[in-house]
Every structure is written in structure tokens, then in C-alpha cells.
Amino acid sequence: MSLTIEKFKYLLEANQKLSSTLDLPGLLRHIMKLATDMVEAETSSILLYDRKNDELVFDLALTEKESRLKEVRLKIGEGIAGWVAKEKKSKIANNLPGESHWTAKTDDKIDFKTRSILAVPLLYKEVLLGVVEAINKKNGEFIPEDAAVLEAFAAQAAVSIENAKLFANLTEEKEKIEAMFSQMSDGAIFFAVNGQKLLVNQKADNLIGLENTGKRYILDIFADFTVTPSISEILKSDQKSTSAEFLRSIGKPLYLSGTFNKIMDHNGNMNGILLVFNDVTVERKETMLKRDFISLVSHKLRTPLVAIIGYCPLLLQDKNLNDFHKKAVSSIQRQGNHLARLVDKLINFTLIENDSLNLLKMVYSFKLVAEKAVSNLKEYIEQESADVTINEDVGLMPDLKMDADKIEAVIRNLTENAIKFNGKADKKVEVKAYENAGFFGLAIKDNGPGIPSEERTKIFDKFYQIEENFTGQVEGAGLGLNFVKKIIEAHGGKVGVDSQIGNGSTFYFLLPKE
């Protein structure tokens, strides 16, 4: 049935009112009032669909008396509203209580007399949201024209209800995110795609002082910082997550360490950038002090060591030495060599820490590098009565571009560790080929005590060693594995360890084929 011009105008005005609010309770009040006026009823009600329990619920009441309706729930199919919800069709019932689907449950609850009902389903894209009811026609009975008007109104109301629910959900999620965001122990800033800051937590404001600066964009916020890699490089990168270091170049030095995380939608488009960072000034200063101290000490030690190690072979050739003197000089030579190896590690460490690591890459054979590393450890291997073998499969590995001297130092470090951390009388070390996902390298397997699972993520950190009561060793500075990690990563490769307590360990490194 067509609508009259007056009804059509009323629907347009109703649509404007419904579109003006996203507050769900306020929206439902608008709908009830408009529905009542639109079809000239005494009152109206809205029942929303509880999908979880498959029930209709009186979500809102206009009067205190009607608030008792919230305790009433109708199963789908129960009563007139339940029938409308089930069939998704409108229904006019003018002769109550004579209607077959009628239930007096609501009337009994609020001591009300229902004479007639016009009930219309609230549908959004054919999905049931609820039912709107106009109750008791003021003059006469509800007619099909009333149903047509209320159906048109219900279609508009359903869209508004769905939008209000969506907005309420978004608001709730936003509040949750803001609560978590503000309580983070790290500094955090959320940027829009164009670099404008949207959210800043208290920790971030405390660290870099944004509150009163008026700085709104990422490049302005970090204008006084040297950022590595640069912010422009990070933004242009295809990487979703990028670690960065920040050094404030004005005033008191401030070192920050953070991660840029690009927030992507399901289509792969970037929606924003989350930067999480913390203050590492103390750690960086301590590291620089350690590095400078190590560099100074290691270089100062090298000169006297050259003399000590150089004269020992000459002294041992002296036929006038008795057995005691020879034993003493041999001990001096042995400990001098050990100290020289430690000094070399310290110097290599300081070179890496100062970014002075220059790789001279050439195509080289893994077998030749491994043989050289084992040969350079010959004296130490014999001293420790260890059995070191190089598997034949090492010769089958493809030749790759590498800095042969530094890869030889990697193998030497791993082999020396495999011996040093093994308390068994029959120390066995096996150098074998290792391959994974297009990467090629070597694995150094030992028959030592193994490594506890909780230690495996720490052992590649500098200055870290497993406690001596587990490994039985006391020598070393905890730099060997960190050196290995830095060298391999500089080649674009990766390191790792497989181990079981009591069954030895296998340390491996992999280099990219290209």
C-alpha cells in the first residue's frame, strides 16, 4: 500500500532524527516515541534479539512501571512478537486477547490492558535485530496502511540500531586499547598513515616530553634524535616490524631502543604505525665503558704477550734447562697462548662493537676454511686430548661468498667452546655439513653436558656464560658466541643451537647462497 505525502514527510523527519544519534539507549527511546506517534498508538515497545539465548528481550522502558518488562523474555515463536520474529513478517492483532498467538505475560507483569498490537520485525540485511510494537490504536483499529508506515520506519530504525551497536563496540574496544596503552611500562605512540600522532601514553610523554611541544608529526617529534635506520627508510620499507635506535643529539644524551610496527588491514593496506620504545641510556653507557675498557686492556696486553710467547720456544731449546725449568716454560707458553686467544677475542669484539667489521668476501670452500680452523687449534686440541673430525659431507657443500678469515674464526670459536665446555675424558667434536631452506653452513657437534632449554636464548649474548657448576669451566669472558653471532649476521646468515641435557650440543651457522 502506498504512503500518503504526510506519512512520507513524517518518515523523512524520523530518518533525520534517527541519524542524529549513535547512543543506543537514546536511539531506542527515539524509535519508541516515533513509532507511537507515527501510527497514533498509546505506547510502544522494542524487543531486541538475544542471539546467544535465542530470545526476545525488552531492552528499554519509557516509564518506571514498564521497567519491570526487562524481566520478561520471549522465546522465538512465543506470543505475537515471537511469531513476528520467527516468520520475519508484520502482524496486526486488533481483537486481543482473542488472537491465537497472544500471551498475557507482559500485561500481567505491569498490570496493563493490551487491546490491539501492530508488530513489525527489525531486519538489517535480512538478519533479525528485534521487533518493534505499537500498542493500542487510539482511534479505532490498526490498518494495513499503519503496517506499511511502520515497516518503512522499522527498516530505517534497523540501520540506525546496527550503526549504534557498531559504534558502541568500537567505543568499547577503543577504551580497552586506551586503557592498555596508558598502562604499558614502555613508551608507546600510535601514528596515522601520514605520520600524525594519534595516541601517546604517559611513559612516552615522560621520556621525550610531547605534552607542551605542539609537535604533531613523527619527523618533528624525533627531529632532535639521530634514528638508525632513518625514519624515512623505515616508512618506505616493506617490513611490518623494524627495530630502531634513537640518540638525542641535543642536550644530555638519551638513548632509546624501539620497534616500529605497521598496522595492516586484511587487504594489506597500512592503517597506522605503532612505535614502542624504552630508555636504554644506562645500558648503552655501561656497554661503551666496557667496550672502551676492553679495547684499552686488550691492546695493552698484546705487546708483552708477543714477547712472552715469542721467547718461550727459544727457551725450550736451551739444553741447560732441567725438567722442572722446561715444565715451567711450557706452562708459561701454554697459558700465554691461552691469553693471546682471549686477547684476540676481545679485540675482535671491540671491532664489532665499534662497527669496524669490514667483510672481505670471496667465493671460498667450507672444507678449506674448516681445515684451517682445526689446524690453528691443533695445539689446544692435543693439550685437551680431544678428538676433532671433519665429516666428508663438508667437502660436498657448495662454495659460497664469505670472509674466509672471519668464518674460520667462527669455526675456531665454536670448536674451542665444544672442547672447553666438555668435562668428559673422551672429548669428541664433529664438524659436519648443515643445510636449511636454501642456506648452507656447518654444524659443530660435541658429546658434552648439553645446554638447559632456559639458557639457549641467552648464550649468544655478550658477557654471558652458563654457570660453572653446570659446565665445569672457569676460563673465558663470554664473548665467543656473541662474536660468532655478529660475524654470521653480518654475512646475512643465522646461528642456532640444538641441545639436550646429557646428550651434547650442536651449534650451527648458515650463510645465504646468494
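This is a predicted model: local features need pLDDT of at least 70, side-chain atom pairs count only at pLDDT 80 or more; totals for chains, interfaces and linings use all residues.
1. The model contains an open sheet of six strands, arranged in the order 8-7-12-11-10-9, with antiparallel pairing. From one strand to the next, the twist averages 25°.

2. **Strands 9 and 10.** Strand 9 pairs with strand 10 (residues 241-248) in the antiparallel sense, over four bridges. Within this pairing, Val227 has Phe246 of strand 10 as its bridge partner.

3. **Strands 10 and 11.** Seven bridges join strand 10 to strand 11 (residues 255-264), again in the antiparallel sense. Ser241 is found opposite Asn261 of strand 11.

4. **Strands 11 and 12.** The antiparallel pairing of strand 11 with strand 12 (residues 270-279) runs over nine bridges. Here Leu256 lies opposite Asp279 of strand 12. Strands 11 and 12 also form a hairpin, with five residues between the strands; Gly268 in this hairpin takes a positive phi near 85°.

5. **Salt bridge Lys75 to Glu55.** The count of salt bridges in the model is 11. One of them joins the side chains of Lys75 and Glu55, at 2.9 Å from N to O. Lys75 belongs to strand 3 (residues 73-75) and Glu55 to strand 2 (residues 55-58), so that distant parts of the chain, 20 residues apart, are linked.

6. **Salt bridge Lys372 to Asp405.** The side chains of Lys372 and Asp405 meet in a salt bridge of 3.3 Å, N to O. Lys372 is located in helix 11 (residues 366-376) and Asp405 in helix 13 (residues 404-420); the pair therefore ties together parts that are 33 residues apart in sequence. Lys372 is partly exposed at 40% relative accessibility, and Asp405 is partly exposed with a relative accessible area of 49%.

7. **Salt bridge Asp387 to Lys428.** In this pair the closest N and O atoms are 3.8 Å apart. Asp387 is in strand 14 (residues 387-390) and Lys428 in strand 16 (residues 428-436); the pair links distant parts of the chain, 41 residues apart. Asp387, with a relative accessibility of 35%, counts as partly exposed. Lys428 also counts as partly exposed, at 42%.

8. **Ser330.** This residue is placed in helix 10 (residues 323-353). Ser330 counts as partly exposed, at 28% relative accessibility. Its C-alpha atom is 7.4 Å from that of Cys312, while Ser330 and Cys312 are 18 residues apart in sequence.

Definitions and conventions
Residues are numbered from 1 along each chain as its sequence is written. Side-chain values use heavy atoms; hydrogens and water are left out. Two strands pair if DSSP finds at least two bridges between them. Helices (H or I, at least four residues) and strands (E, at least two) are DSSP runs, numbered from the N terminus. Axes are lines fitted to C-alpha atoms, for helices over the stretch in contact, and angles run from 0 to 180 degrees between N-to-C directions. A salt bridge is a side-chain nitrogen of Lys or Arg within 4 Å of a carboxyl oxygen of Asp or Glu. Buried means under 20% relative accessible area, exposed over 50%, partly exposed in between (1.4 Å probe, protein chains only).
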